[in-house]
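Notebook open, model loaded. I went through it one site at a time and jotted down what I looked up.

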Amino acid sequence: MNIETLRLAAAEGMDEWSRIRRHLHRHPELSFEEVETAAFISGQLRAWGIDHEQGIAGTGIVGVLEGREPGKRCVAVRAELDALPINEANDVPYKSAREGVMHACGHDVHMTCLLGLLRILSQHREAWVGRLKFMFQPGEEKHPGGGSLMIAEGVLQNPTVDAIFGLHVYPHLPAGVVGFRPGQYMASTDEIHIRIIGKGGHAALPHQTIDPISIAAQIITALQQVVSRKSNPVSPCVLSFGRIAGGTVNNVIPEFVELSGTLRAMDETWRTRAHGLIRNIVEGISTAFEAHAELDIPKGYPSLYNDPELTARAEAKAREYLGDTQVRLLSLRMTADDFAFYSHQVPGCYFRIGTSREEREFTASVHHPKFDIDERAMETAIGTLAWAVLGELQG
Ligand code: NI
């Protein structure tokens with residue numbers, strides 16, 4: 001398929017992309033409850049004559065679109081079905097029709113981009129060779145992440161996926177611009193839950209108690225050393241506590257204190273070591289002061305790693321398609337995406353599509369009740385994604 005035909009198809013489809021995106025935006029559903037969303041996507045695919053399977057990992061949809069011949073390579077693209085528990089504050093005709101639920105992370109846009117890609121490539125099957133595996137996954141926003149469940153159901157096999165792409169809206173760049181980052185890009189995310197159990201009593205008689213509040217204070221202070229003294233300073237790591245709860249009044253020492261936090265890291269070896277250090281510090285300090293500690297560190301998403309070669313090839317394709325001025329190098333981010341699960345199984349490339357208008361309008365960040373996009377971003381995204389996928393299929 002040549003670049004001019006693709007540019008034309010991406011531009012001519014704008015009314016359709018906008019119609020699809022607005023429908024999805026009006027009808028958001030929470031993680032793992034994306035029944036109507038999946039039905040809508042399935043209906044759209046059927047109308048276009050694109051075979052697919054439903055009910056993967058719950059509401060997921062997977063299919064393989066073949067070009068003129070199956071070729072040697074199979075490239076996958078992932079989109080997410082779910083929305084967030086946020087009440088939309090935009091006053092637009094396509095505003096969420098569901099109170100308290102909103103596509104505030106752009107997953108409506110990602111689904112539309114994948115549908116647009118499928119629409120164009122299915123209309124030009126004679127013009128390319130290879131297999132495109134498409135995955136609409138549930139529950140990106142909620143642990144354990146639909147991505148991990150899709151992998152467990154075997155979506156990366158049969159046919160085996162050689163490379164996988166994901167894209168994400170990015171209001172920090174204007175529509176028409178895309179961004180890439182080879183290697184480590186986004187952080188792992190683990191929750192930390194600590195309960196320090198002491199012995200309650202009268203605040204005026206501390207010697208008869210085991211004060212979990214003063215112990216918690218020492219633990220929080222000591223844990224700062226995990227990042228400042230133990231982690232490699234050139235590999236970003238964040239340890240933040242967002243919740244501390246204990247006690248009821250000024251003159252009673254409580255029985256226990258609870259702390260909850262998040263650990264974000266880029267390096268998987270360090271991530272495992274950090275868990276051990278946190279455990280040592282919490283248990284060591286508690287023991288030293290005769291308290292008892294309970295610690296739970298449920299693992300979240302791994303760090304997101306962009307395969308350097310795949311990402312370099314995709315970036316080169318984006319430069320061909322959009323021109324050098326429209327392609328940027330992204331900074332590291334300590335947020336997370338469950339695309340990371342795929343990126344640890346097969347070479348992955350997760351890139352960003354700018355969605356603001358000249359960086360003045362549509363600037364609200366994702367997960368904000370006023371998040372919205374300049375829809376011209378979809379023309380750019382669909383074309384760039386298609387050009388990168390076709391480049392990969394040529395091998
Ligand atoms: Ni998202």
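Before the metal, a note on terms: I take donors to be N, O and S atoms within 2.8 Å of the metal (3.2 Å for Na, K and Ca), and since water is not among the atoms, sites may look incomplete. This is a predicted model, in which local features need pLDDT of at least 70 and side-chain atom pairs count only at pLDDT 80 or more, while totals for chains, interfaces and linings use all residues. Residues are numbered from 1 along each chain as its sequence is written, and side-chain values use heavy atoms, with hydrogens and water left out.

**Entry: the nickel ion**

Which protein atoms are the donors of the nickel ion? I found Cys105 (SG), His107 (NE2) and His168 (NE2), at 2.2 to 2.4 Å from the ion. Along the sequence these donor residues follow the spacing C-x1-H-x60-H. I then checked burial, where buried means under 20% relative accessible area, exposed over 50%, and partly exposed in between (1.4 Å probe, protein chains only). Cys105 and His107 are both buried.

**Entry: helix α4**

My helices (H or I, at least four residues) and strands (E, at least two) are DSSP runs, numbered from the N terminus. Helix α4 covers residues 107-123. For the expected span of a helix I use 1.5 Å times one less than its number of residues. With 17 residues, α4 should span 24 Å, and its end C-alpha atoms are 24 Å apart, which agrees. I count α4 as mostly covered, with 15 of its 17 residues buried.

**Entry: Trp17**

Trp17 sits in helix α2 (residues 14-26). Is Trp17 buried or exposed? Trp17 is buried, at a relative accessible area of 2%. For contacts I ask for heavy atoms within 4.5 Å. Leaving aside neighbours within four places in sequence, the contacts of Trp17 include Thr112, Gly116, Arg119 and Ile120, as well as Met378 and Ile382. I also took one distance across the model: Trp17 and Gly145 are 128 residues apart in sequence and 27 Å apart in space, C-alpha to C-alpha.

**Entry: strand β5 and its partners**

Strand β5 runs over residues 163-174, and eleven of its twelve residues are buried, so the rest of the structure largely encloses it. I call two strands paired if DSSP finds at least two bridges between them. β5 pairs with strand β3 (residues 74-80) in the parallel sense, over four bridges. There, Val75 has Ala163 in β5 as its bridge partner. β5 also runs parallel to β16, and eight bridges join the two. Val169 has Ile353 in β16 as its bridge partner.

Next I picked Thr355, which belongs to strand β16 (residues 348-356). Thr355 counts as buried, at 0% relative accessibility. Apart from neighbours within four places in sequence, Thr355 contacts several residues, among them Val169, Tyr170, Pro171, Leu173 and Pro174. Phe362, Phe371 and Ile373 are also among the contacts of Thr355.

**Entry: helix α6**

Helix α6 (residues 212-230) has 19 residues and should span 27 Å; the end C-alpha atoms are 26 Å apart, which agrees. Which residues of α6 are buried? I get Pro212, Ile215, Ala216, Ile219, Leu223 and Val226.

**Entry: strand β13**

In strand β13 (residues 292-296) the side chains alternate. β13 runs antiparallel to β8, joined by five bridges. Opposite Asp296 in β13 stands His193.

I logged a cis peptide bond between His143 and Pro144, with omega about 10 degrees. Pro144 is in the loop between β4 (131-137) and α5 (146-152). Another cis peptide bond joins Asn158 and Pro159, with omega about -5 degrees. Asn158 lies in the loop between α5 and β5, and its phi is near 55 degrees, a positive value in a residue other than glycine. Asn158 counts as exposed, at 73% relative accessibility.
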